Amino acid sequence: APPAPAMRVPALSLLLPLSLSLLSPRGSAGASCPPGCVCASNLLSCSRANLSAVPAPLPRFASVLDLSHNNVSRLRGDWAPARLPHLRTLLLSHNGLAFVSTEAFGHVPRLRHLDLSSNRLRALDENLFSALGELEVLLLYNNEISAVDRTAFEDLARLRKLYLGRNRIARFPLELLREGSRLPQLALLDLSANRLRGVPSAELQALPAWLRDRLYLHDNPLACDCPLFQLLARGHRRRLSAVVDFQEELRCIPPGAGAPVAVLGPEGRRRLNCSEAREAVLEAHLGDRVTLGCDSRWQGVRSRHWVTPAGDRVVGDGGGNASAALLANGSLELRALRPEDAGTYACWVAGPSANETLYVELLVHNFTLHGPHDTLNTAYTTLVGCILSVVLVLIYLYLTPCRCCCCRGAEKAPAPRDDSINSSVLSTTPNHAGGHGEPCGGAGEGSGGGSGQNGRFKGGGTPPLPPRQGPKAQRKVSDPDSVSSVFSDTPIVV
């Protein structure tokens, strides 16, 4: 046999096991895939594998790790000994998880989706999720959480969705929603099916509409009061999904009654006897002074106060340096408007038999009334005026009706003066230049602009006389071939 083919046999024997390993069901790195798990590309699924601890070692290429439906009851700080820089999604639901270490997420800093739902967590400790600076979705629903540390969600600057429904939370975590809070990008907060007995209606009313639309409060034992009714009634009028989609589940417990009633249902409206809030919209500019009216329909008002968008209560004149003051007629005066003064103002009125709330939406334009806005209008007006002036000048120059100017252009140069045998010497009648002139461009007009003796021109006639000065127009010339009397005082005009 030739030597070349004999040398190929060892090479093929080495390539065959390598190719089989690449085709292994465990993926491209079969030895790195934990037993009982399935590795597919960058996905690692260990769901329903009857695991009591996180398998080790974990492949570094994993982007999604599914450990749901197992028996992992404790998540220690060393569950991932090596750093997992590519892990984006971690699923730990349905594990009976009762303990999570504050150092559990130190090795997965790029995590964006964390599912800890349907477990047995009872408390969220201090700085529990602070290492997850890129986390966007956090699922904690269907646990036993009753205590939430104020710093549990510290440094979650990118968190957009937080699900805390079906727990045992009794205090509303208002610090998560206030402006400049720990969660600046939060767009959805689910607090449904907890143990909340009251909500800060005035401060929730001042929240932006996009956040109120994703604030779920249904299935809580809320106490019935008019601020709660007006908060939900306004959300229903604005078609907020958190109110419209769960209208029947939004119930409250009336004073002295154990059976909850639907807040927006007929029974709830009758039991609460609250009037729905009215709204108004007012626009202003920076530096303006505006007055927000509180035109209540009640007479004999017992008390009245305003609540600003920041949640501050205004009950009287705050002094000469205060930006807001309550006037004697119940209106609110705002001085020297600033951008942060924009928002929803609420006027709370205590009437003789019921209370009433009036809302005023204040829009503050980001310029002064005599600032760049007026400058822009002035420049626009000046530009339009210039364009109109140019158009009028062009019309005057090119579209003005011709008044004999074309006739002057058609005049011939005067011929040398000499005696002509064709000129008439018998007529001494003037040229009647003093009569009313005809239009210079009329029919039957001769090539010359002047009039000869007796108002005629001949083919080889004498040159025209100089035109008469004055406003009178020149006469129309006669046909040189027409038959007329040379003794006539009046020329024949064709």
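Arg110 is partly exposed, with a relative accessible area of 33% (buried means under 20% relative accessible area, exposed over 50% and partly exposed in between, with a 1.4 Å probe and protein chains only). The model is predicted: local features need pLDDT of at least 70 and side-chain atom pairs count only at pLDDT 80 or more, whereas totals for chains, interfaces and linings use all residues. Residues are numbered from 1 along each chain as its sequence is written, and side-chain values use heavy atoms, with hydrogens and water left out.

The side chain of Arg110 meets that of Glu134 in a salt bridge, at 3.2 Å from N to O (a salt bridge is a side-chain nitrogen of Lys or Arg within 4 Å of a carboxyl oxygen of Asp or Glu). This pair links distant parts of the chain, 24 residues apart: Arg110 is in the loop between strand E6 (99-100) and E7, and Glu134 is in the loop between E8 and E9. Helices (H or I, at least four residues) and strands (E, at least two) are DSSP runs, numbered from the N terminus. Glu134 is buried, with a relative accessible area of 18%.

The count of salt bridges comes to 12. Among them is the bridge between Arg271 and Glu267, whose closest N and O atoms are 3.6 Å apart. Arg271 and Glu267 are separated by about one helical turn, because they stand four residues apart in helix H6 (residues 266-272). Arg271 counts as partly exposed at 38% relative accessibility, and Glu267 counts as partly exposed at 33%. Asp341 forms a salt bridge with Arg338, with 3.2 Å between the closest N and O atoms. Asp341 is buried, with a relative accessible area of 8%, while Arg338 is partly exposed, with 37%. Arg150, Arg171 and Glu175 are linked in a network of salt bridges.

Three aromatic pairs are present in the structure. Rings of Phe, Tyr and Trp (its six-membered ring) pair if their centres lie within 6.5 Å; planes under 30 degrees apart count as stacked, over 60 as edge-to-face and the rest as tilted. Phe129 and Phe153 form a stacked pair, 6.0 Å centre to centre and with 15° between the planes. Phe129 lies in the loop between strand E8 (123-124) and strand E9 (137-139), and Phe153 in the loop between strand E10 (147-148) and strand E11 (161-163), so the pair ties together parts that are 24 residues apart in sequence. Phe129 and Phe153 are both buried. The pair of Tyr216 and Phe246 is edge-to-face, because the ring centres are 5.7 Å apart and the planes are at 90°. Tyr216 is in strand E13 (residues 215-216) and Phe246 in the loop between helix H5 (241-244) and strand E15 (251-253), so that pair links distant parts of the chain, 30 residues apart. Tyr216 counts as buried at 14% relative accessibility, whereas Phe246 counts as partly exposed at 26%. Phe105, Phe129 and Phe153 form one aromatic cluster.

The charged end of Arg74 sits over the ring of Phe99, 4.4 Å from the ring centre (a charge sits over a ring if NZ of Lys or CZ of Arg is within 6 Å of the ring centre and within 35 degrees of the ring normal).

Asn119 is found in the loop between strand E7 (113-115) and E8 and is buried, with a relative accessible area of 6%. The side chain of Asn119 reaches the backbone nitrogen of Asn95 at 3.0 Å. Ser41 is not a glycine, yet has a positive phi of about 55°.

A nonpolar patch on the surface has about 1300 Å² of accessible area together, and its residues include Leu383, Ile387, Val390, Ile395 and Leu399. Patches are made of residues with over 30% relative accessible area and no salt bridge, with like charges joined within 9 Å and nonpolar side chains (Val, Leu, Ile, Met, Phe, Trp, Tyr) within 5 Å. Accessible areas come from the Shrake-Rupley method with a 1.4 Å probe, and for residues only the protein chains shown count as cover. Ile395 is in helix H7 (residues 372-398) and is partly exposed, with a relative accessible area of 39%.

Terms used: Polar contact = N/O pair within 3.5 Å; in protein donor to acceptor, adjacent residues only side chain to side chain.
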